[in-house]
Amino acid sequence: MKKLHLAISSSDIAASVTDYSARLGCDPTLVIAGAYALWRTETLNLSIRHAPGVPPGQLRHLGWEDDEAQTFTAEVDVNGITWERFAARHQAEEIQAIWPAADYRVEGGKETNGHHET
């Protein structure tokens with residue numbers, strides 16, 4: 001199954017988590033205090049990240065979480081927007097590489113061993 005992936009820059013992760021959780025009707029799958037949050041719903045993969053140099057509210061990139069993706073790929077469209085294609089495990093590997101203390105893993109499309117840092 002494919003899920004649309006949106007990646008947005010945020011200067012206030014905690015406020016964004018409160019706002020987007022209300023808008024999406026669910027809590028994030030993972031929160032890394034002051035740095036990152038991820039929601040994985042049945043149809044959407046939304047990440048917010050404090051990204052110095054990227055103004056808050058700016059689109060960082062788009063993409064597809066696709067269970068059939070064998071590798072992580074990225075390409076730039078005609079409008080200069082980066083589109084990524086990845087399986088959930090690829091995203092988990094990236095999160096684990098950047099924030100090892102998060103202990104976030106995905107097996108068979110389901111999160112395991114993750115915890116929230118607030």
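Which residue's side chain does a polar contact of 2.9 Å join to that of Asp66? Arg85 is the partner: the two side chains form a polar contact of 2.9 Å (a pair of N or O atoms within 3.5 Å; within protein, one must be able to donate a hydrogen and the other to accept it, and residues adjacent in sequence count only if both atoms are side-chain atoms).

This is a predicted model: local features need pLDDT of at least 70, side-chain atom pairs count only at pLDDT 80 or more, and totals for chains, interfaces and linings use all residues. Residues are numbered from 1 along each chain as its sequence is written, and side-chain values use heavy atoms, leaving out hydrogens and water.

**Overall build**

- The protein has two helices and nine strands (DSSP runs, numbered from the N terminus: helices are H or I with at least four residues, strands are E with at least two).
- From the N terminus on, the order is β-α-β-β-β-β-β-β-α-β-β.
- The radius of gyration is 14 Å, close to the 13 Å that the globule rule gives for 118 residues, so the protein is as compact as a globular protein of that length (the radius is taken over C-alpha atoms; the rule is 2.2 Å times the number of residues to the power 0.38).
- The C-alpha atoms fill a box of roughly 35 × 30 × 25 Å along the principal axes.
- Of the 118 residues, 39% count as buried (under 20% relative accessible area; exposed is over 50%, partly exposed in between, with a 1.4 Å probe and protein chains only).

**Asp66**

- Asp66 is found in strand β5, residues 59–66.
- Asp66 counts as buried because its relative accessibility is 6%.
- Beyond its neighbours within four places in sequence, Asp66 is in contact with Met1, Lys2, Arg85, Phe86 and Ala87 (contact means heavy atoms within 4.5 Å).

**Asn45**

- Asn45 lies in strand β4.
- With a relative accessible area of 0%, Asn45 is buried.
- Its side chain has a polar contact of 2.7 Å with that of Glu65, and one of 2.7 Å with that of Gln91.
- Leaving aside neighbours within four places in sequence, the contacts of Asn45 include His5, Trp39 and Phe86.
- Asn45 and Leu6 are 39 residues apart in sequence and 6.4 Å apart in space, C-alpha to C-alpha.

**Gly53**

- Gly53 lies in the loop between β4 (44–49) and β5.
- Gly53 counts as exposed, because its relative accessibility is 81%.
- Gly53 and Ser9 are 44 residues apart in sequence, and their C-alpha atoms are 9.5 Å apart in space.
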